[in-house]
Structure formats: C-alpha cells, structure tokens
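Open the model in your viewer and keep the selection tool at hand.

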Amino acid sequence: MANVEIAGLTKTYGTFRAVTDFGLSVRDGEFLIFLGPSGCGKTTTLRMLAGFIEPDGGQVTLGGRDITHAPPHRRNIGLVFQNYALFPHLSIFENVAFGLRRRKQPEAEIRKRVTDALELVELGHLGDRLPKQLSGGQQQRVAIARAIAIRPDILLLDEPLSNLDARLRLQVRDELRNLQKTLGITTIMVTHDQEEAMSVGDRLVLMRAGMIEQVGTAQELYYQPANRFVADFIGRTNFLSGAAIGNMFRSAGGASLRGGRDMGAASEIMIRPEAIRLGAAEAGGGLNANGPNTLPARISHFVFLGGAIELGLTLEGGERLAVVASPAAVRDAGIELRADAGVTLTISPADIIAM
Ligand SMILES: Nc1ncnc2c1ncn2[C@@H]1O[C@H](COP(=O)(O)OP(=O)(O)O)[C@@H](O)[C@H]1O
Ligand SMILES: [Mg+2]
C-alpha cells in the first residue's frame, strides 16, 4: 500500500513560513494535485515529501513507514521536474536505466524495465537516441519513463508540463493521466494551472501562503468553494455584494435573488458565468418584473468565440456580470447581439452560492 499520511508539515526560511502545518492523507493509487499561485509552497512541500528539504516539524509516512527524515534514495519515490534534467551525453535508454543501475539491478532486469517503461510512454523505438535528438514533449516523456522504471511507491511531479508548448502540454497531460491510471501509482503533481489540475487530478489541494485552503474534487472546489479565494482561483466567478436574509439576497444595486438555502449573514454571493441563462428583453421592465431570479440587463460588450459567447452584462443597479452562453441558446432566445441591447437573465436558486 502506498498511501501517504502527511501531518503538521512545516518549513520556515529565517522568519518566513513557506509551509505551515500542512496535513492530509493521500490514498493508494490516487492522482493528487498541489495547486496554487506562485510562491504558495507547492514545491517546498513536494521536496519535503521527496526528502530534499528537511522539514522543521511534522511527519510523513508512506504505507505506514515513517520517512520524515529518510534520505531521498531510501524513499522509493519517482521524481519528474519541470526541466527534464536528462543527461545529455547518455542515450535515452541509459537515461531511463540510470536509477536502476544505481540500485545495482541485474542487467537483464534493467533491459526489461527500461524497455517496458519506454513502451509505456510510446518511445520504445528511440532508445538509442540522445536527448537533444528528441522534441521537448518526447524528452519529458523520457523523464516520466525514468521515474516509473524504478517502480516507485509514489510519483512526484513538479510542473512537469510547463515547459511544453500548448498543444504538447495537452497531449502529454492526457498521456500522463492514462499512464497513471494504468499503473495505479500514487501520484502527486504540482501545478499552478487550474485547468490542468481539474483535468487530471482525482483530488485537488488548493494552497495559499503555505497553507491548505481546500481539498476536494474539481467539482467540490468549483461548486462548494470553502471561501472567496477558492471561488476566485477555480474557474471564473461573479461576486455580488449585499445582504442576505434567510434564503433571499439583496445586492447593493437592488437586485433580489433567491438562493437554494439559508444564506445566514452572507454579505456576498457568487454566480458562475455559465449558470446565468439569457432571454430576450421583455416589455414592462423594472427589477424582478419577470418573475423570481429573472432580472433585466444590458449587454455592455460581447465576444464571439465560435463555441461560446462571452458577454458582459450591466444590471439596472449598475452591477456587472460576466456570462458565458452557448451560441445556440443565444440564437434560440432571440437575443440581439449588440452592445447596449436589452436582455433578461435568469439564475437558478441552486446557482446562488453564499460566500
Ligand atoms: N531556499 C529558500 N530560502 C528562502 N525562501 C525560500 C527558499 N525556497 C523557497 N522559498 C520561498 O518559499 C515560498 C514558497 O516557495 P515554493 O515552494 O517554491 O513555491 P511554489 O512552488 O508554490 O511556487 C516562496 O515565497 C519562496 O520565495
Ligand atoms: Mg514551484
């Protein structure tokens, strides 16, 4: 079992607390993501797990074994970093074989494991080449092959895709995801890219300033953010300030919106751009003239992106809302796509989330 238990992990540089009281359980076979803005402590935490940084406090156990102070080579961890760090003078085969030779594996075993690992990343035919003869994406796949060749208990990856161009990044990302599921290796990957995190992670650990803000699936973080920081970091969000009474929220601009539940004393709500449905402007006007949670608004700008239309709307009270709509929905609702055109918008109570 390669479940990892992390408790109270702390690292201080001088008086600066890079990581504070970091604790969580990583399940066997899980693909976990450390996500957060630059400088929030992702790399420091990962390197403490790998054994390259000595924590000031806390404990790490791997499959029940305390590895908090074990040297890196005693942890059986596979590592992949942002810059592929292949040995330029060694062939691809020998790069992948490196960890196995250090572990003094028999030659036949090395051949088999390297061949298997290169096959897994679909580079079996390039073993004789030198790193410089491979593309960036291929080099990073070699780095992944090298990490898995030692059959690690856990795989730690620090921004492994960030040096790849956009198209390759998507491709290697999907390959990594499939490989991880095939092998079932407990994996922790660091990224600052929320889309990357959401697309590969079983669970996301969102960090800020050395601390964990929330741990959960992409959907949990998206629909049930623990706080404003999480709501803002994951996806795009509208915030409206105002005051709640029971399940009703009245915005500072005078819009009344009914939520799906009691909102306590919330002074702010969030609404995702794609949760706002658009309709044609209706005669009569006035706030809530068209029924509950339906408001008149004006288009202040729009961007046609082919598969989606992004709009900025202004409510009668002056508040702004970003909306993402499907072109088909805009057409079928009979909306005139023009700056300053009137529309109505409707938001389901379930999509009104108190902050
Ligand atoms: N060796 C060090 N000495 C002093 N400060 C450091 C050192 N390493 C990292 N830090 C600081 O700790 C914080 C977290 O760094 P890091 O873990 O690399 O962040 P991330 O990977 O999330 O971008 C940053 O503010 C960084 O400047
Ligand atoms: Mg980092």
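Two strands pair if DSSP finds at least two bridges between them. Helices (H or I, at least four residues) and strands (E, at least two) are DSSP runs, numbered from the N terminus.

This is a predicted model, where local features need pLDDT of at least 70, side-chain atom pairs count only at pLDDT 80 or more, and totals for chains, interfaces and linings use all residues. Residues are numbered from 1 along each chain as its sequence is written, chains are lettered from A and ligands numbered from 1 in the order in which they are written, and side-chain values use heavy atoms, with hydrogens and water left out.

**Stop 1: an open sheet**

Select Met270 and Ile353. Met270 stands opposite Ile353, which lies in E20. Now widen the view to strand E14, residues 268–271. E14 and E20 pair in the antiparallel sense over two bridges. They belong to an open sheet of five strands, in the order E13-E12-E11-E14-E20, with antiparallel pairing. Look at the edges next: strand E13 (256–258) and strand E20 (353–354) each have a single partner strand, so one side of each is left without a neighbour in the sheet.

**Stop 2: two domains**

Colour the chain by domain. The assignment gives domain 1 (4–232) and domain 2 (236–354); such bounds come from an automatic or database domain assignment. The centres, taken over C-alpha atoms, are separated by 41 Å.

Where do the domains touch? Seven residues of domain 1 are in contact (heavy atoms within 4.5 Å) with seven residues of domain 2. Together the domains bury about 690 Å², 47% of it on carbon and sulfur atoms. Buried area here is the accessible area (1.4 Å probe) that two parts lose on being put together, summed over both. Select Tyr222, Arg228 and Ala231: in domain 1, these lose the most area to domain 2, together 70% of what that side buries.

A salt bridge is a side-chain nitrogen of Lys or Arg within 4 Å of a carboxyl oxygen of Asp or Glu. The count between domain 1 and domain 2 is one salt bridge. Then show helix H7 (218–223) and helix H8 (228–233). Each supplies at least two residues of the side of domain 1 that touches domain 2.

**Stop 3: strand E16 and its partners**

Select strand E16, residues 294–304. Five bridges join E16 to strand E19 (residues 342–347), and the two run antiparallel. Thr294 stands opposite Thr346 in E19. Seven bridges join E16 to strand E17 (residues 309–315), again antiparallel. His301 has Gly312 in E17 as its bridge partner. E16 and E17 form a hairpin with four residues between them. Click Gly306 in the turn: its phi is positive, about 85°.

Beyond its neighbours within four places in sequence, its contacts include Leu311, Ile335, Leu337 and Val343. The C-alpha atoms of Ile299 and Leu337 are 7.9 Å apart, though 38 residues separate them along the chain.

**Stop 4: helix H1**

Finish at helix H1, residues 42–50. Seven of its nine residues are buried, so the helix is largely enclosed by the rest of the structure. Highlight Lys42, Thr44, Thr45, Leu46, Met48, Leu49 and Ala50 to see the buried residues. Then step to Gly51, which follows H1 and has a positive phi near 100°.

Note on methods:
Buried means under 20% relative accessible area, exposed over 50%, partly exposed in between (1.4 Å probe, protein chains only).
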